[in-house]
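This report describes the overall build of one protein chain and then the surroundings of a single residue.

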Amino acid sequence: MTMTPNLDPTTIKLLAFDIDGTLVGADHKISPFTKTILARLRAKGIFTTLATGRILPGVKAYADELEIDIPLIMSNGSVLQDRHGRVSALTCLPLEVVQAAIRIARQEGRDLVLYVKDKMYIEKMTENIRPTYGSLLNKGLYEVGSWETFTDQLANASKCVIPDPFDEQHLFETEPLLKEALDGRAVTLRTSPVLLEVQPKDVTKAKGLAQLAETLGITLQQVIAFGDYNNDVEMMRAAGMGVAVGNATSACLEAADLLVASPEEEGPAHFLEEFLLS
C-alpha cells in the first residue's frame, strides 16, 4: 500500500463509495463537510456513486441526500439501479442455489434474508434479524411467513444473507456447509462481521463498477474507489485508485493505493478536497 496517490487528478470522472464504515460512520450519517465536498466535485463534472451490499430501500436516502442520478451499484454488483427505481442491470441466483441456502439455513437454525430486486424478504422477524433489518420492516423488508408460500419469487433473488449480530462463530460454522451445498454454483462472501452472503458467481462490486463506467463512457482508470471491508477489495483493485478508509481489513489495506482517516474524521472528504479541489 502506497501512501501518496499516483494518479493525475484531472483525469478523475467518478468516485465510488462503499457506505458503512466508508462514507458513513457509526452514526450512519453523511457529514455536512462530506456533502459539501461531493457537491463541489459534482459541479466540476465528477460523478459519485454508491457501491454497497444493500439494495435500494437501504440506499435511497443517501443517494437522495447526495443527489446521485447515475446508477447505484447494489447487492455487491448484482443490481445497477438509480435512486428513482430504474434498473439497468440485474443478475439473479440460480433457483437451486436459493433452495440450497434455505435448506442449510433451516438445518443450522439460522435466519435468512432474500434480496429480490429492490425488496428484501424474511420468513418472520426475529430478535436475530431485528438489529440489522428491523427499521426496514414494511419499508423494503417484508415477512412471508414461510418460504413455501414464496416459491414463485425464489428464482428472482439476487442475493441471500444469513445475519447474526450476536455470535460470529455461527457464521464461521455455517459458511463451509453452505459452500459445500452450493457446489460452485454461487459464491459465499463475508461483507461484515455480522453477515454471511451468497451471491452469483463472477458478480462483484468491481464488475458493477465496470458496467457503470462503460455506461458513462469512461475507463476504470478514471475512477477512485473507497472501501473498508473484504467485499470492496476487487473494486479497489479495478479502479484507477483504491482508497482504504479508517479501520479497514487487512485484505482491504493490501488492495489499497492509499489509506485515509475514518468517516468520523471525514477522511475521504479531506483527501478529495486536497487531491481534486486544491
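In the charge count, Lys and Arg are taken as positive and Asp and Glu as negative, while His and the chain ends are left out. Each charge is placed at NZ of Lys, CZ of Arg, CG of Asp or CD of Glu. On this basis the protein chain carries 26 positive and 38 negative side chains, and the centres of the two sets are 5 Å apart.

The model is predicted: local features need pLDDT of at least 70, side-chain atom pairs count only at pLDDT 80 or more, and totals for chains, interfaces and linings use all residues. Residues are numbered from 1 along each chain as its sequence is written, and side-chain values use heavy atoms, without hydrogens and water.

The protein chain contains nine helices and 14 strands, assigned as DSSP runs (H or I, at least four residues; E, at least two) and numbered from the N terminus. Overall values are tabulated below.

| Property of the protein chain | Value |
|---|---|
| Box filled by C-alpha atoms, along the principal axes | roughly 55 × 35 × 35 Å |
| Radius of gyration | 18 Å |

Buried residues (under 20% relative accessible area, 1.4 Å probe, protein chains only) form 54% of the 278 residues.

Cys252 belongs to helix α8 (residues 250-255). Cys252 is buried, its relative accessible area being 0%. Beyond its neighbours within four places in sequence, Cys252 has contacts (heavy atoms within 4.5 Å) with residues including Gly227, Asp228, Tyr229 and Val233.

How values were computed: Rg over C-alpha atoms; globule rule 2.2 N^0.38 Å. Buried < 20%, exposed > 50% of the residue type's maximum accessible area, 1.4 Å probe, protein only.
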